[in-house]
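Hi everyone, thanks for coming. Let me put the structure up on the screen, and then we'll walk through it together.

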Protein chains: 2
Amino acid sequence: MTFITLRSIFTFELSKMVSKELLLKLFPDWENDLYEEVIAHAELRSASAGSILLKKGQNIKSAMLVVEGTIKLYQEDEEGSEFFMYHLTPGEACAVTLVCNYHLEQSQVLAKAVTDISYLAIPLEFMDKWLQKYKSWHYFVIRTYRSRYEELLNTINEIAFKNMDERLEFYIKRQVERSGKTVKLTHQEIANDLNTSREVISRLLKKMENNGWISLSRNSFDWIKK
Amino acid sequence: MTFITLRSIFTFELSKMVSKELLLKLFPDWENDLYEEVIAHAELRSASAGSILLKKGQNIKSAMLVVEGTIKLYQEDEEGSEFFMYHLTPGEACAVTLVCNYHLEQSQVLAKAVTDISYLAIPLEFMDKWLQKYKSWHYFVIRTYRSRYEELLNTINEIAFKNMDERLEFYIKRQVERSGKTVKLTHQEIANDLNTSREVISRLLKKMENNGWISLSRNSFDWIKK
DNA sequence: ATTATATAGTGACATTTATCACACTAGCTT
DNA sequence: AAGCTAGTGTGATAAATGTCACTATATAAT
């Protein structure tokens with residue numbers, strides 16, 4: 001009985017094979033040896049929609065590169081509120097996990113799987129080695145930081161200067177860009193992401209519907225405007 | 001007459017010498033050849049307090065490393081409001097200017113000199129070369145991005161979760177850390193940095209004074225608390 | 001010393017967002 | 001079909017912030 005349980009956990013955690021074709025598609029500009037190293041040392045892990053991949057304050061154990069699905073990154077406050085910052089999609093990496101070479105560093109962000117996902121987990125000891133060894137990795141890390149930095153600038157632009165109606169519109173548009181006209185989120189989920197209350201979102205969505213921008217249903221709505 | 005004017009402009013723009021001692025102090029972990037390159041190719045420029053070093057939308061012409069003084073970085077919105085994000089002090093660099101190798105990229109941020117400053121301006125064509133050639137430069141760029149990313153996370157934490165009184169306290173504390181107990185800013189300047197109105201800041205500061213946290217004067221106040 | 005100007009204080013009110021209370025409803029369970 | 005439940009709609013009110021109008025005052029300019 002116990003054995004079976006243990007084995008099933010083990011099976012779940014066991015890395016699947018990482019194929020070179022997959023890597024070539026996701027990270028087309030890497031050096032050949034780097035592919036080999038990734039194949040040798042990275043684990044292809046999966047997680048189901050909704051699971052938490054990284055929590056604020058948690059020690060970072062491995063770098064995380066998205067292979068399949070979408071991850072959402074949040075800033076978390078002391079009381080456990082979550083503020084949505086940006087998405088990560090296949091070929092992108094979680095910046096905070098890429099430069100944790102020396103000390104055991106703690107995550108300042110929360111990462112959640114939106115869909116079922118798979119990702120490459122690379123043990124941290126390779127981070128510094130690869131930085132030294134592979135130019136393409138080096139560029140990858142810098143590109144990652146640069147684009148995450150830009151995402152944060154966008155986020156700040158929204159909350160520093162805009163009211164909730166505009167922020168909601170921006171939020172929905174980002175959503176639509178990724179997953180199409182139909183947004184499958186409850187008002188409560190949107191409210192959590194924007195750190196406001198469900199009522200506020202309900203009222204604003206109603207107003208958008210009255211303006212003909214969206215069409216509301218239960219558990220989802222469609223973006224019509226433009 | 002015209003000649004004299006031209007010469008004075010020229011003199012002002014002319015690069016001063018960059019000494020190796022200076023570089024060693026500010027950037028102690030660089031490679032020797034990198035110091036030489038910086039001495040050969042960087043210009044030591046100066047700017048007076050209040051001047052704008054980089055504007056949103058402006059083409060980036062050179063990388064910027066702070067040598068003396070303090071720079072403030074802002075996010076700017078369409079109407080010209082400015083939202084303060086973080087400071088740059090000697091030994092730090094403006095992240096956005098470091099990875100603009102290929103295309104003519106436009107700045108997404110606004111950078112202003114708080115005090116009289118001097119900084120190294122490095123022509124962009126060296127950015128990619130140095131990334132390839134100098135590991136210490138590579139690490140410098142990554143460290144810069146990493147720490148700016150963390151600053152942005154802090155900023156987001158403030159505006160996403162906190163009310164103006166807490167944001168103001170955080171703002172003042174950052175100020176005090178850098179330039180001591182006496183904060184030499186008008187209420188209007190603080191209001192601009194936090195993207196709120198002067199009245200709001202005046203009232204909150206008054207409340208802080210009543211609580212014994214600060215002592216108000218004209219054009220400045222002292223932080224007393226703790 | 002008087003005036004001018006930038007800075008600061010404060011009441012009154014508007015707007016935005018948050019909170020509470022409760023009604024309504026679609027879609028599932030039994 | 002009846003009942004349950006998560007999701008939604010909406011009024012009433014509170015709290016936070018923004019805006020306007022005006023006063024007061026410290027410092028600089030004359």
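This is a predicted model: local features need pLDDT of at least 70, side-chain atom pairs count only at pLDDT 80 or more; totals for chains, interfaces and linings use all residues.

Let's begin with a question: how do the residues of the surface near DNA strand D divide into nonpolar, polar and charged? They come out as three nonpolar, eight polar and eight charged. Here Ala, Val, Leu, Ile, Met, Phe, Trp, Tyr, Cys and Pro count as nonpolar, Asp, Glu, Lys and Arg as charged, and the others, Gly among them, as polar.

Residues are numbered from 1 along each chain as its sequence is written, chains are lettered from A and ligands numbered from 1 in the order in which they are written, and side-chain values use heavy atoms, with hydrogens and water left out.

Back to the DNA. A:Lys206 brings a polar side-chain atom to 3.3 Å from a phosphate oxygen. Which element gives the most to this surface? That is helix H8 of chain A, with four residues. Helices (H or I, at least four residues) and strands (E, at least two) are DSSP runs, numbered from the N terminus.

Now please look at strand E4 of chain A, residues 71-76. Six of its six residues are buried, so the strand is largely enclosed by the rest of the structure. Buried means under 20% relative accessible area, with exposed over 50% and partly exposed in between (1.4 Å probe, protein chains only). A:Ile71, A:Leu73 and A:Gln75 point one way, and A:Lys72, A:Tyr74 and A:Glu76 the other.

E4(A) has antiparallel partners: six bridges join it to E5(A), and four bridges to E6(A). Strands pair if DSSP finds at least two bridges between them. A:Ile71 stands opposite A:Leu88 in E5(A), while A:Leu73 has A:Ala111 in E6(A) as its bridge partner.

Last, the two protein chains. Each of chains A and B puts 39 residues into the contact (heavy atoms within 4.5 Å).

Technical notes
A polar contact is a pair of N or O atoms within 3.5 Å; within protein, one must be able to donate a hydrogen and the other to accept it, and residues adjacent in sequence count only if both atoms are side-chain atoms.
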